[in-house]
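Hi,

Here is the structure you will be looking at. Please open it first, then read my notes beside it.

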Amino acid sequence: MKNLLITRWLLLRPVLWKVMLWMLLPLALTILITSAVNETGEDFRVPVAVVVQGEEGEVTRGILNSLENSEFIRLDKFKENEQNHAIHQLEQYNYDSVFVLTEDFENKMTNNDRDNLVEAHYTDRSLFYVPVKEQLASLMQEYLGELAVYEEIYSLRDEFAPEQSISEQEIGSTIKTIRTDSNLLTQELTFQDTESSSDYDDMLNPWTGWAYLTIMLSVFMFDMINKEYHGNIGHRFKFTTISHKSYLLYSLMMFTAVMLLIDLTTYFIINSMFGVDVSLFALISFRMFCSLLGFLLAVSAGSPFGLYLSGLMVTVVLLALHIVMPLAGGQAVRWAYEYLHPAVSLMTGTMNLMLPVLLLIIVVWKGRGALVES
Amino acid sequence: MGHLLKVDALYKSYGKEPVLEDFNMQADRGEIIGLVGENGAGKSTLLRIIATLNRPTDGEVYIDEQSYGKNYKKLRRKIGYVPQEIELWEELSVIENMRFFEKLSHENRSVPELKNLLSELHLEKYDTKVSRLSGGMKRKLNLAISLIHEPELLLLDEPTSGIDLKSRIEIGKFLKGLAGKGALIIYTSHDMTEIRELCDRTIFIGKDPFYKNILTDG
Amino acid sequence: MKTLKHIFVFLANDINRMKRKWLSLPLIYISPLIFVSLVIWMASLLFSPDEEAPVSVGVVNLDDSDETQEMVSLLVEATDVAEGLKLEGLEHEEASEQIENDDIAAYIVFPPEFFTKMIQGEESRLEVVGNPNRVLESHVVNEVIETVVRHIRSSQANILTINHYAENFGMDADQRNELMLNQFISFFLQTLSSDTMMDESESAHHMSTGYEYFIINGMFIIISIWVLVTHLALVQDVRQQLRNRMRMFGATYIAEGTAKTLLTFTVTVLMSILFLYIVTKIDGLYIVGENFVRVSVLMGLYITALALVLLLIDWVIPSFKAALLVKAAVLFSVLLFAGALIPRIYFPIYFETIFDFSFSYQALNWIEEIMLGSRFSFELDVLLISIIVLSVMLIAAGLWKERRVR
């Protein structure tokens, strides 16, 4: 064993810094990409135009402010005489939607008149029309609701405790307190017979990015094995204590061990930087999958060039399957995803069932040609 | 005591093409034997069969009266094979290549011993990367690696092909020294002068009478 | 003129190499087509605001209270919030069974003591159980319920406030309960009829539909992938010795690069024009001959620019591995800043300048304008300038590499 380590070290030393770079690249890229996406992700906004036909009273201003402060909307305000311009921009697909607050908007809101307060315009490419509309509707409902509350409370006061005096501000702050303090109604979506997967709040789960980068770069890193296996030097191993294939398999094990150490580091770094966890068991299983896959592709590919291309293709195909997953109907298909797709297995914390298959293929590969060639 | 190497009615064909037909030979320790013949005569094939790298279609090979059969892995320990192609780690230095194969060899050799072997071949650029060596130096290293485990039978496939005269002479001297210590050396080359100078006897393989005649003409 | 001769030699060599791969080439050209079409189709399903056939949803009430029963029947009857949803009151086992039999897309569960907890401000959860065979529909149902829940949550605060003051005013418990229920139902109804607040209209200025927009974007992405694939098919790890021989004959990087670009361009443009022709057969995407030429020109220039970018990466980065990684990343960026993955309007403002200088954006934008917006003109400045700049950079890089080797 010691000799195997020494010989592998001899081969690695001339290219050590390059190998280390490639080993650390998945982590580095994951951090870079996740940070970039999380940083700029919030700034991706839906461009919405609002036209105020009538006067901009307190209510209107309040609602527009809330809309402006919304995290996913970028609001542009227009006056009545600019309405045509706004609609024209919408037709040019420069806005996702346009909302026209009609002439009587302010009046109707203050008088709890709910009919036709807003004209909503959208196009065939309004990807976010519905959530924006809902947002605006919520804000309006909220205001109208509060109005109703005041009315009701005052009417109750008059009936039951006419001597008490309460201000609207008081009621308003009570509403706010209750809103924040109470455990209000929530809702949850689950699927029959399946476990719910955990939700990640931020834009991009770093582990997903890491998984795909690792799959691809792991395959890339096995180009050394590819060159060794297909090079001339293999003949010399006929006269050594260990066969060439065995030597390569030992190298695979050593490489996997080193990568697992790096993965452990990755685990702690990603956890502390992004606060996202993943099952250690699934992580180990995933790493083994990547190593076995990389190794098998390396011994099958005719050249490093072919290896890199197959690495890229495998990654793209797995990514495509992952994206299409929500469409997948049927228990069987979903099960297949969870247990066969390496990235999905990692995220759901299960062992990938392709592992034993890959191991079997390697065993077959090792056994083949064990006799003298003819 | 029997012969170190005995080849009995060896027949080798690739598909329907026979490469070696009814080949026989015997050789003893301390001999240097030259194999000559035209291109494609089967010299390399014969060497590879004796080196246990290829299986004969028919016939038998014996080392120390043990037939290859199932013993071939064990018998490999007695064999050193120097291929026609240079089979070295280009990115490693001379001594690193030696150390690498020593670690995987059946024999343990210390670094001074390895360096000694190299200096016998006048290859003292221990720390030079193989990619920077001249053709002659690479051939010497190619040879040196095959000697790490002190084989009794040494098979060389055109070991001096394309190298300078000085290196050629050095290798020749070295091989004579090895034979003197009891190794059996089988050697292929296209250079008749080299064959005549180095080899105790020559075996002709192939069908081209040109080579046969040159042998007999001396 | 020696350079010209060398270009032809390289061209012939590259064509030969491609011919040898003729078996695998159709596969690598068709797979992006399949993959991208699938993803685009999926995206269009998720995003299109079109209405679909009513989705069947069950409603399960585990709360014995009259109040919840009244709410549930209101929910089932109301159709406003249930646009595209058909609700049906069911028992729990029935609902579960119907999911197994794939009769409903999901069912909503009102938990025990729902109403009591609600008015007392205690934690309560509305569960939506989806049919694993109809994942997409379940998500749609969930979205709708989310809206309802959001409204109820805000109403809840209001009602609890009323309750709080009612208590202060000395109203007795029974009276308060009745008040709460009435208030709740009143708010609930208001929630369900929130659509009367808005008068909605789709701007029907253009003849195309959102679906066609996705097709154009998909086509653009596929063409881009074809450029990469063709480029990779032609790139080879030329050994130093071979390079030396080539140099002895005076062949330069520039000649080699020109040949590669020409071939990449020719192959991809031919396939893209064929693709375009097929796409224009789709209803709504027909364009007149003059515009067909315009779109072809845009595609041709875009393909040229992209091919030059890939070649430049090849020359600048010696390691094939690293170059491949960078090419994939660059292709992604080119598509991102074409607006092909996310439309430009959703990007943060600080990215605006990038789009103004992006050759891919100019290409895609004008293709969209012509094919979807019935425009009869286009602008090519960014594309042309990019090609010129890239060519200059390539010549410089080529010369530098030649010098370095000496």
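Predicted model: local features only at pLDDT ≥ 70, side-chain atom pairs only at ≥ 80, totals over all residues.

Residues are numbered from 1 along each chain as its sequence is written, chains are lettered from A and ligands numbered from 1 in the order in which they are written, and side-chain values use heavy atoms, with hydrogens and water left out.

Start with chain A. Domain 1 covers 2-38 + 203-367, and domain 2 covers 45-172. These bounds come from an automatic or database domain assignment. The centres of the two domains of chain A, taken over C-alpha atoms, are 53 Å apart.

Next, look at helix H4 (83-91) of chain A. Helices (H or I, at least four residues) and strands (E, at least two) are DSSP runs, numbered from the N terminus. Several residues of H4(A) are buried, among them Ala86(A), Ile87(A) and Leu90(A). Buried means under 20% relative accessible area, exposed over 50%, partly exposed in between (1.4 Å probe, protein chains only). The cover over the buried residues of H4(A) includes strands E1 (46-52) and E2 (73-79) of chain A.

Which residue just after H4(A) takes a positive phi? That is Tyr93(A), at about 65°. Most residues other than glycine have a negative phi. Tyr93(A) is buried, at 15% relative accessible area.

Now chain B. His122(B) also has a positive phi, about 55°, and is not a glycine. Its loop runs between helix H4 (111-120) and helix H5 (135-146) of chain B. His122(B) is partly exposed, with 44% relative accessibility.

Best wishes

How values were computed. Contact = heavy atoms within 4.5 Å.
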